[in-house]
Amino acid sequence: MSEEIKLPDRLYYPLPEAAAKLGCTIRDLYHYAAIGALKIAAYFPLTGDHDFVVDVPEALDEEIDEEVGGDLWGSYWAIGGLTLKQDADAIGYRAYSINGFFHVHRGCFMSLEFMGTDEKLRRPVLTTLPEAGEFIESCQIIDVSGTLEIDPRFLCVMAEDINEIKAVGTSPVGQPETIKIVSSKQAAFISGLLRMIPDTADMDIEKTPASKLLEIVEAAAAQKGIELPQIDKNTWSRYLGRR
């Protein structure tokens, strides 16, 4: 009698296998992803024919390997050829390639639910951690050319996310606009506060580099003995409505 071989656990499930495991359809998976109840990822073979802007959080800046051409990688993904933008108020990096598994923002899936399971996912928003993760440690990737498409055959659910499907989701409608409105008011409020600081009172807040404004704020706080929480440069730029 032959000994039964124990198979290794799956790392990921392409959508047909994920749907079979969960007992639903692929359209259901799109719906669950759109309402934030399930995370869907995309696998990329080495992709080097697009112009990517990568928002690299400060926590990962030092992880970029300059000796091999500016590469950055995690457990399931790699970003190649990262170079910092040179304009004064740049926050992101440019990259020439991505490879591996990247999470797709849930807002990308609503239209797919209605169009059908053979439609390609166009102009996706990609992150190295899922939407629910800590974005301070997650890279966000945008295809500047706007030509990136994902064949549904390359969409999958990571095994670790299969058992974390939520019982209740939220409507994907209205959220981006709500966030936009809140961000706009927040940026206007912060700009008003900055004009109260003598060193920035006569500055053009909208045109002054975010990094320069942050330096002034930190210096003013230090002079008054006020301890500020450490602010990631990308977060600060978003506070100012620069993205």
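Helix α1 is followed by G23, whose phi is positive, near 70°, helices (H or I, at least four residues) and strands (E, at least two) being taken as DSSP runs numbered from the N terminus. The structure is a predicted model, in which local features need pLDDT of at least 70 and side-chain atom pairs count only at pLDDT 80 or more, while totals for chains, interfaces and linings use all residues. Residues are numbered from 1 along each chain as its sequence is written, and side-chain values use heavy atoms, with hydrogens and water left out.

Within α1, the residues L15, A18 and A19 are buried, a term that denotes under 20% relative accessible area, as against over 50% for exposed and the range in between for partly exposed (1.4 Å probe, protein chains only). These residues lie on the same side of α1, because they cover an arc of only 100° around the axis, the arc being that of the directions from the helix axis to the C-beta atoms. An α-helix has 3.6 residues a turn, so residues three or four places apart point the same way. The cover over the buried residues of α1 includes β1 (12-14), α2, β13 and α5 (159-162), where contact means heavy atoms within 4.5 Å.

In α2, burial extends to L29, Y30, A33 and A34. Their directions span an arc of only 135° around the axis, which puts them on the same side of α2. Among the elements that cover the buried residues of α2 are α1 (15-22), α4 (110-115) and β13 (155-158). G36, which follows α2, has a positive phi, near 80°.

For the protein as a whole, eight helices and 13 strands are assigned, and buried residues make up 39% of the 243 residues. Of the contacts with a separation of 6 or more, 68% are accounted for by residues 24 or more positions apart. The accessible surface, computed by the Shrake-Rupley method with a 1.4 Å probe, comes to about 14700 Å², of which 54% belongs to carbon and sulfur atoms.

Leaving aside neighbours within four places in sequence, F109 is in contact with Y30, A33, A34, I40, V104, L121 and L155.

Residue D143, located in strand β11 (residues 140-143), counts as buried because its relative accessibility is 7%. The side chain of D143 reaches the backbone nitrogen of L148 at 2.7 Å. When residues up to four places away in sequence are not counted, D143 touches H50, D51, F52 and L148. The C-alpha atoms of D143 and V54 are separated by 8.8 Å, although these residues are 89 apart along the chain.

Two cysteines were also examined for burial: C139 counts as buried at 0% relative accessibility, and C156 counts as buried at 2%. With a disulfide defined as a pair of cysteine sulfur atoms within 2.5 Å, the count comes to zero disulfides.

Definitions and conventions:
A polar contact is a pair of N or O atoms within 3.5 Å; within protein, one must be able to donate a hydrogen and the other to accept it, and residues adjacent in sequence count only if both atoms are side-chain atoms.
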